[in-house]
Structures are given as C-alpha cells and as structure tokens.
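Welcome to this tour! Open your viewer, get your selection tool ready, and follow along one stop at a time.

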Amino acid sequence: MAGSLRRRPIAVLFAVALVAGSVLGLAAPASAHNFLVSSDPSAGQTLTKLPSRFTITTNEGLLDISGHGAGFAFDIEDASGKFYGDGCVTVTGSSMSIAPTIGQAGSYRVLWQIVSADGHIVSNTFNFTWKPSTAFTPAAGASHPQDCGGKSGGTAPPDSTLGQDAYSAPSANLGLVLGIGGGILALGIALAIVLLVTGRRKKP
Ligand SMILES: [Cu+2]
C-alpha cells in the first residue's frame, strides 16, 4: 500500500514530463526557417495580366536588417536566360515584392532568396507562363540579375548549397507530424500509467 502511494507521484511526474516534451516538440517547427506560403505569380500559373507587384509570401516575418532587402533576391528569368527588373525588393512583414517587369510572352522562372526570421537564407525557384491577354510592350532583359545598385541580393543561387534550405517546408511539416505523433504517444503512455496505477490501488 505504501509502495503504490509512493509510486503514484513519480508516475504523474513522468507523464507530465512526457506531455511537456511533446508540447516543446510541437513548438520547435515555429523556429525553423521561413517557407513559401504563396506567391504572385504562383508556381505553374499562366499569367495573363501583370499584378501591381510580383510578391512572395512566407509563413512568418522576414529579417530585413538593412531595411532595403540586403540578402534578398527576386529575379525573373525568361527561357533564353535573360533577367528582368531592377532587383529592388521591398520587404514587408512576411512578404517581399518587386515591381513587375517582364519580357515577351513565354515561360519564365522566378528565382527567390529570403533571409528567414532565424537569420538563415532560404532560396528556391518556380516557373510560370506569361501570356498577356492585351497588347503589351516587353521590357528589355539583361544577361545578369540586377541587384538594385548593390542594395539587394540580385543573385539568387538556386543550385548552391543555400538552395537546400528551400526544402525547409517539408522538414518543418515533418517536425510538426513528429510533434503531433509524439504528443499522441505521450498521451497514450500517460493513460497507460494512470490505468496501471489505478489498477494497482484496487488490489487488496
Ligand atoms: Cu533556419
């Protein structure tokens, strides 16, 4: 009798520790790199009219220490490898945008690079199709991405090691899944312990 009474607080502490651990596990993905949530144009979209800005929105606030987008890049590249726009990005909260400058109708690639809330650089690319529905004067492309007179990144490195960070979205989701899985597991263990302790107390 004295033995089971002594064991109970330990079991409760153990269960509390497990639940607390799983809650911390759930909180962990929130401090991971930013990841792309939406964009304009969106990946794979056929754009028929230019938006007021080309925009990329991530899951949380971006880190624009310089105040003029140092470390950020938002490049628009056509199928022949020409780049459009001055590379001057505006960072606002969780989004970055550029003035929409583009050439002739055709397929385009967006190369983007951001500085995450945690200071890490994340970059990736996606494609879209430009098919203007009304008469349009194409802008002249440049052979290299522009960097807004040295203020912005200008050279998003899609094939560099930095590009690996672009896969933070799946890993953050995996972290969330693991966190939820851990939470369910912890609750199961806590329930088993409670049943065990209750069962023991009923014994004569
Ligand atoms: Cu990070």
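**Stop 1: a loop**

Start by selecting Pro41, which sits in the loop between β1 (36-40) and β2 (46-47). Here, helices (H or I, at least four residues) and strands (E, at least two) are DSSP runs, numbered from the N terminus. Before going further, know that this is a predicted model: local features need pLDDT of at least 70, side-chain atom pairs count only at pLDDT 80 or more, and totals for chains, interfaces and linings use all residues. Residues are numbered from 1 along each chain as its sequence is written.

Now show the backbone between Asp40 and Pro41: the peptide bond joining them is cis, with omega about 5°. Most peptide bonds are trans, and most residues other than glycine have a negative phi.

Next, select Ser42, also placed in the loop between β1 and β2. Is Ser42 buried or exposed? Ser42 counts as exposed, because it has 12 C-beta neighbours inside 10 Å. The cut-offs are these: a residue is buried if 20 or more other C-beta atoms lie within 10 Å of its own, exposed if 12 or fewer, and partly exposed in between, with C-beta atoms placed from the backbone.

**Stop 2: an open sheet**

Select β1 again and look for its partners. An open sheet of 4 strands runs in the order β1-β3-β7-β6, with antiparallel pairing. Two strands pair if DSSP finds at least two bridges between them. Which strands stand at the edges? They are β1 and β6 (90-92); each has a single partner strand, so one side of each is left without a neighbour in the sheet. From one strand to the next, the twist averages 15°. Axes are lines fitted to C-alpha atoms, for helices over the stretch in contact, and angles run from 0 to 180 degrees between N-to-C directions.

Zoom in on β1 and β3, which pair in the antiparallel sense over 4 bridges. Ser39 has Ile56 in β3 as its bridge partner. Then click Val37, which is found in strand β1. Val37 is partly exposed, because 13 other C-beta atoms lie within 10 Å. Its contacts, not counting residues up to four places away in sequence, are Thr57, Thr58 and Asn59; contact requires C-beta atoms, placed from the backbone, within 7 Å.

**Stop 3: strand β8 and its partners**

Select residues 106-115, which form strand β8; 7 of its 10 residues are buried. Strand β4 (residues 73-78) pairs with β8 in the antiparallel sense over 6 bridges, and Asp75 stands opposite Leu111 in β8.

β8 and β9 pair in the antiparallel sense over 10 bridges. Two bridges to find are Val110 with Phe126 in β9 and Gly106 with Trp130 in β9. These strands form a hairpin with 5 residues between them, and Gly119 in the turn has a positive phi of about 90°.

β9 also pairs with β2, in the parallel sense over 2 bridges. Look there for Thr46, whose bridge partner in β9 is Thr129.

**Stop 4: the nonpolar core**

A nonpolar core is a set of buried Ala, Val, Leu, Ile, Met, Phe, Trp, Tyr and Cys residues joined through C-beta atoms within 7 Å. Which members of the largest core touch the most others? Of its 25 residues, they are Phe72, Phe74, Ile76, Met96, Trp112 and Ile114. The elements giving two or more residues to this core are β3 (54-58), β4, β5 (83-84), β7 (95-98), β8 and β9. Among these, β8 gives the most, with 6 residues.

Center on Phe74: leaving out residues up to four places away in sequence, Phe74 touches Phe54, Ile56, Val89, Met96, Ile98 and Trp112.

Finish at Cys148, in the loop between β9 (121-130) and α2 (168-202). Its phi is near 55°, a positive value in a residue other than glycine. Cys148 is buried, because 20 other C-beta atoms lie within 10 Å.

Key. Two residues are in contact if their C-beta atoms, placed from the backbone, lie within 7 Å.
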